[in-house]
Amino acid sequence: VDESVKAIGAANTVIWRDGQRLGTNTDAAGFTKAVCSFLGLQSINGMRVAIVGAGGAAKAIAYAVCEQGAIGAVFARNLEKAEEVALPYGFEAYTLDKLTPKWNPNLIVQCTSVGHGSTNPNDDPIPTYHFNGTEALYDLVYNPAETPIMARARKAGCKAESGMTMLIAQAERQHQEFFTK
């Protein structure tokens, strides 16, 4: 396995390299490419990034945020799970209710499945967060194209993007791994 798999704890791509199987993970690279394109930046270095969730996707995003030199914090329902994701990278961990504009995130990355397949406004992973219009939201959910949290963020004047661009960037990375190395 490569370094991304060791850090994230999961492989999502297996390739043949020099007659052996190699496990890799394209989540972090896909996220980095997608979010930088979304924000019109080369890097998210120095940005304050709030990671919402503490599952496997959040682990990949925390790895990417750290690799990019951003200031991260993990917000989840369960503090212990948030700590498991945050502490390996020196990030802070909080319960979801601590995510407020006072934390002053430049970017919120929604890493839970809440909102998947739904247009119901109640399917919002951070319903008590009040967008101030200056933060950007990247929702890893890509179905529907606009999730309830994305609609709420846009209504407040925020830029918001679905995870479809990350999915496409991951596929591009997998194609590169399969055919160009």
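The model is a predicted one, in which local features need pLDDT of at least 70 and side-chain atom pairs count only at pLDDT 80 or more, whereas totals for chains, interfaces and linings use all residues. Residues are numbered from 1 along each chain as its sequence is written, and side-chain values use heavy atoms, with hydrogens and water left out.

Side chains of opposite charge can pair when their charged atoms come close. The structure holds seven salt bridges, each a side-chain nitrogen of Lys or Arg within 4 Å of a carboxyl oxygen of Asp or Glu. One of them joins the side chains of glutamate 177 and arginine 17 at 3.7 Å, N to O; because glutamate 177 lies in helix α6 and arginine 17 in strand β1, the pair ties together parts that are 160 residues apart in sequence. Glutamate 177 is buried, with a relative accessible area of 6%, while arginine 17 is partly exposed at 23%. A salt bridge is also formed by the side chains of lysine 33 and glutamate 172, at 2.6 Å, N to O; lysine 33 belongs to helix α2 and glutamate 172 to helix α6, so this pair ties together parts that are 139 residues apart in sequence. Glutamate 172 is partly exposed, with a relative accessible area of 41%. Salt bridges that share partners join Arg17, Arg173 and Glu177 into one network.

Helix α2 also contains threonine 32, which is buried with a relative accessible area of 18%. Apart from its neighbours within four places in sequence, threonine 32 is in contact with Ala64 and Gln68.

Strand β3 (residues 48-52) is mostly covered, four of its five residues being buried. Five bridges join β3 to strand β4 (residues 71-76), and the two strands run parallel; strands are taken to pair if DSSP finds at least two bridges between them. The bridge partner of valine 49 in β4 is glycine 72.

With a disulfide defined as a pair of cysteine sulfur atoms within 2.5 Å, the count comes to zero disulfides. Cysteine 66 is in no disulfide, and the nearest cysteine sulfur, that of cysteine 36, is 15 Å away; cysteine 66 is partly exposed, at 31% relative accessibility. Cysteine 158 is likewise in no disulfide, with the nearest cysteine sulfur, that of cysteine 111, lying 17 Å away, and cysteine 158 is buried, with a relative accessible area of 6%.

Notes. Buried < 20%, exposed > 50% of the residue type's maximum accessible area, 1.4 Å probe, protein only. Contact = heavy atoms within 4.5 Å.
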